[in-house]
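I opened the notebook to look up how two chains are built.

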Amino acid sequence: MAGPLRAIAGRRPRLRRGPWMGFVPWLTLFLFLVPVLLGLVGTWLPAFGYLPALGGTGLSPEPWQRLFADPSLPGALLLTVTTGFLSALLALVLAMSVLAAWHGTRLLRAVRRFLAPLLAVPHAALALGLAFLLADSGWLVRLAFAAGELMGLAVPRRPPMLGLANDPNGIALTFGLALKETPFLLLMSLAALGQIRVERTLAVARSAGYGPVTAWVKTVLPQLYPQIRLPVYAVLAYSLSVVDMALILGPSTPPTLAVLVLRWFNDPDLSLRFMAAAGATLQLCIVLAALALWYGAERLVVRCCRPWLSAGGRGGPGRATRGVSGLAIGLAGAMFAAAILAMAVWSVTRRWRFPDALPAQWSAATWAETLPVLAWPAWTTLWAGLAAAGLALVLTIGCLEYEDRAGVRPSTRALWLLYVPLLVPQIAFLFGAQVLLVLLRLDGTAPALIWSHLMFVLPYVFLALSDPWRALDSRYARTARCLGLSPGAVLLRVKLPMLLRPLLIAAAIGFAVSVAQYLPTIFAGAGRLTTLTVEAVGLAGGGDRRVIGMYAFAQSVLPLAAFALALAVPTMLYRRRKGMSP
Amino acid sequence: MVRGMFRDLAMWLPAVLLSVCVAVGGSAVARAQGGEWQAVLDEARGQTVYFNGWGGSDRVNDYVAWAAERVLNEYGVRVRHVRVNDIAEVVARILAEKTAGRTERGSVDLMWINGENFAAMKENGLLGAPFVDRLPNFALVDTEARPTTIIDFSVPTDGLEAPWGMAQVVFMYDTALLDEPPRSITGLLAWARDDPGRFTYPQPPDFLGTTFLKQALVVLTGDRDALYRPVDQADFAAVTEPLWDYLDALHPHLWRGGETFPQAGPQLLQLLDDAEIDIAFNFNPNEASAAIADGLLPETVRTYVLDGGTIGNTHFVAIPFNAQARAGAMVFADFLLSPEAQARKADPRIWGDPTVLAMDRLSPEERALFAALPRGPATLPPEALGTPLLEPHASWTGALEAEWLARYGQ
């Protein structure tokens with residue numbers, strides 16, 4: 001612990017300039033890691049039979065025996081592992097192939113422009129939209145029927161039995177997860193590519209006769225992958241333990257392990273709590289094992305590919321890769337857009353029966369009637385997101401500013417710590433964290449909700465802000481100091497204004513992450529505080545797509561608005577200062 | 001069949017009579033001690049009641065919002081509707097509070113509950129002192145003709161939960177797509193064999209899905225009496241074997257081959273509207289009419305009950321042991337039982353949830369409120385609903401769900 005802590009706090013602390021700053025990295029780590037650790041312990045105790053409220057006062061292996069005797073477990077495990085690995089792999093391959101085949105093209109610039117809004121859409125909203133697209137009587141089938149009718153074909157009265165959504169093998173879930181995670185990997189890769197001399201490397205490789213795709217894969221990818229390894233691990237861990245998407249798109253006989261565990265936690269038979277805690281601990285083990293396996297696979301790929309890398313194969317022009325990856329990214333983008341559009345259309349529908357391609361009756365009634373009810377969760381979503389993003393921003397600025405003043409850089413190990421809340425499955429520590437909150441009498445309060453979101457918001461804000469911050473030319477600050485400004489004034493009057501755009505983007509990302517939180521809101525909100533995401537997932541079972549559509553759409557609009565603001569505000573403020581806009 | 005019902009009655013009667021005595025006696029006391037209720041009202045003024053309940057229905061949510069506004073204006077009690085996916089989550093939270101030793105100032109003041117959740121809370125001491133007898137309007141409840149208002153899934157309520165509304169399973173179909181629906185559990189199987197993929201039920205432990213299991217079990221089992229005793233006193237395998245045989249035969253002919261099930265009751269309506277299935281069912285006899293009015297089902301949908309009856313029960317509101325606003329919760333529970341609130345709830349244009357009140361205990365003006373209610377196009381007249389079949393003992397719910405999951409959930 002001490003080693004990595006010192007790493008993020010700085011190895012050679014020179015605290016003359018603002019000794020209080022040294023406190024910030026410690027506070028940040030405390031906010032992050034202590035709750036996770038206590039939450040894990042609070043889950044492990046009942047997993048071994050200790051939960052006094054339910055009469056469990058001694059340690060026993062019984063919860064584990066019950067867990068392994070559960071008939072749903074083998075199927076759930078298989079499903080969890082296959083959907084988790086496949087979706088992470090699919091997202092990685094898709095992101096890398098697009099970068100390899102389309103680097104430096106207009107397509108990639110267009111993709112880059114859409115990344116932020118794609119990231120902003122919460123998982124639940126995308127899943128709800130996809131569920132409607134893929135259903136047997138969903139929009140795709142409806143459009144196909146309408147097209148068939150236009151061509152004069154006889155269209156059956158009944159929807160076909162395709163079984164795409166909630167399929168027993170979890171293909172829909174895999175697809176949905178990959179769709180949501182690809183933009184994240186693309187964004188992290190594009191940020192990382194900024195630190196690699198891509199153009200020069202490629203120019204050398206191309207002049208040696210390598211095809212464009214082969215050149216990228218052989219020279220850029222080996223430099224890029226180590227930089228995005230942590231994001232890839234986060235994607236893998238997330239895919240293995242996701243709850244909201246698995247509830248909406250996944251199968252149910254059995255569901256994935258995370259859903260199964262949540263089901264046990266919520267079972268009226270309270271003795272299932274012990275088994276649920278054991279299941280949550282098993283979930284943690286699975287994620288850790290999966291990360292180890294992935295790491296091993298990386299080694300294997302490196303070893304097997306080394307001869308290929310240096311064998312000198314030049315590769316062709318890579319048209320096939322280009323075609324396939326372009327088509328895939330286009331299709332993925334279209335599905336993404338159609339899913340959100342479907343939700344928007346449903347929210348202004350009165351009657352839209354199968355097989356109509358579009359609503360037969362439109363109406364603003366859902367908005368008019370539901371808006372007052374939606375206002376409360378929307379307000380909670382807003383303040384929780386703003387507070388979590390704001391706090392995360394302040395803490396991140398504190399850490400980065402401390403880095404500058406102490407003249408240190410955090411090591412990779414410190415970065416690992418930052419990723420802990422993203423790598424440890426939420427369900428593995430949130431139950432324990434909830435007991436902790438109840439003990440402190442904080443459950444269902446605003447601080448609890450904000451803190452539970454902050455754990456997940458902080459890593460993303462840190463990742464989003466640290467690169468632009470470190471890239472800022474240090475000579476500006478030095479010049480300002482020479483002109484007699486105090487370090488605080490340099491921060492406030494030089495650095496922050498110059499970094500306004502990345503600051504706001506980081507805040508918007510943090511806000512979007514907060515909006516999307518499902519499990520933390522359930523556990524910390526104690527039902528008293530509820531957000532649009534929780535309501536939308538809850539309504540998924542309600543059967544009224546018009547209301548679902550409205551919540552899913554509203555849930556997407558808030559983060560999108562945050563991104564729009566983050567882009568618009570600097571442009572407006574710096575209208576008269578061309579040099580300030582990058 | 002008839003003898004079976006007599007046996008049920010004989011078993012029920014003592015408990016029913018006892019509870020009626022307690023109930024009537026209790027409410028007489030409540031009326032006599034008007035001052036005591038006034039004290040509750042005084043204490044409740046200014047309190048905030050966190051009412052936790054399933055929030056999956058817009059109409060229910062709107063109704064609760066109306067009731068909340070009324071008690072705010074009339075009694076100065078603020079009600080916050082905490083909408084949850086499954087009330088079991090709330091049971092879990094109250095348990096977490098007990099775990100942490102929080103015996104007062106809990107997060108839940110009143111909750112919408114019945115059946116196995118009530119049984120679990122009662123058994124684990126998560127409910128406080130009895131309060132129902134102190135509610136003035138409880139005297140109006142039809143505890144005689146509706147014994148389920150005081151005996152919840154064969155578990156006596158003991159004044160720990162106040163009845164709120166009645167439920168009975170009705171089946172629905174689109175007359176434009178289906179001429180003659182099957183009218184029995186066995187007929188359903190034959191029909192599904194002829195036209196596969198056009199029926200399904202929500203996946204247990206969704207309560208409507210579990211209700212389908214109970215409906216089939218009550219009809220198919222050779223030992224119906226055993227269902228009304230705790231499950232550990234019965235030979236579970238023998239009593240339920242006909243049910244599993246039936247489901248084994250039925251599942252291949254279900255929607256999506258019985259590999260996937262809807263996750264919640266209301267999805268059945270959506271599937272019916274989407275023409276993915278031909279027959280749906282619901283626990284509210286007014287649901288189909290309301291859904292038609294709401295634009296969620298075609299106007300050609302009609303409802304029916306099975307020959308031999310369908311499962312019926314009562315849903316309640318209960319106060320957890322550590323409620324912060326106990327007085328406020330009692331005031332809200334009492335308001336929900338008032339003729340005004342019950343009549344509005346029974347209005348199919350609002351919610352359409354049948355009342356728990358006895359018409360003969362109401363004043364003529366109050367009776368007129370109910371008489372004036374319209375009946376929706378798909379709603380059966382009360383006499384056509386027949387006598388509801390009683391819910392099996394609460395302990396059967398968990399056992400049936402566990403066995404279902406073990407057989408079909410993997």
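The entries below take chain A and then chain B.

I noted first that this is a predicted model, where local features need pLDDT of at least 70, side-chain atom pairs count only at pLDDT 80 or more, and totals for chains, interfaces and linings use all residues. Residues are numbered from 1 along each chain as its sequence is written, while chains are lettered from A and ligands numbered from 1 in the order in which they are written.

**Chain A**

I counted 24 helices and 2 strands in chain A (DSSP runs, numbered from the N terminus: helices are H or I with at least four residues, strands are E with at least two). I looked up the extent of the C-alpha trace, about 75 × 65 × 55 Å along its principal axes.

I checked the radius of gyration (taken over C-alpha atoms; the globule rule is 2.2 Å times the number of residues to the power 0.38). Chain A has 25 Å, which agrees with the value near 25 Å for a compact globule of 582 residues.

I found that 52% of the 582 residues in chain A are buried (20 or more other C-beta atoms within 10 Å of the residue's own, with C-beta atoms placed from the backbone).

**Chain B**

I read the domain assignment (automatic or from a database): domain 1 of chain B is 2-164 + 315-376, and domain 2 is 170-311 + 390-408. Their C-alpha centres lie 27 Å apart. I noted that each of the two domains gives 19 residues to the contact (C-beta atoms, placed from the backbone, within 7 Å).

Notes:
A residue is buried if 20 or more other C-beta atoms lie within 10 Å of its own, exposed if 12 or fewer, and partly exposed in between; C-beta atoms are placed from the backbone.
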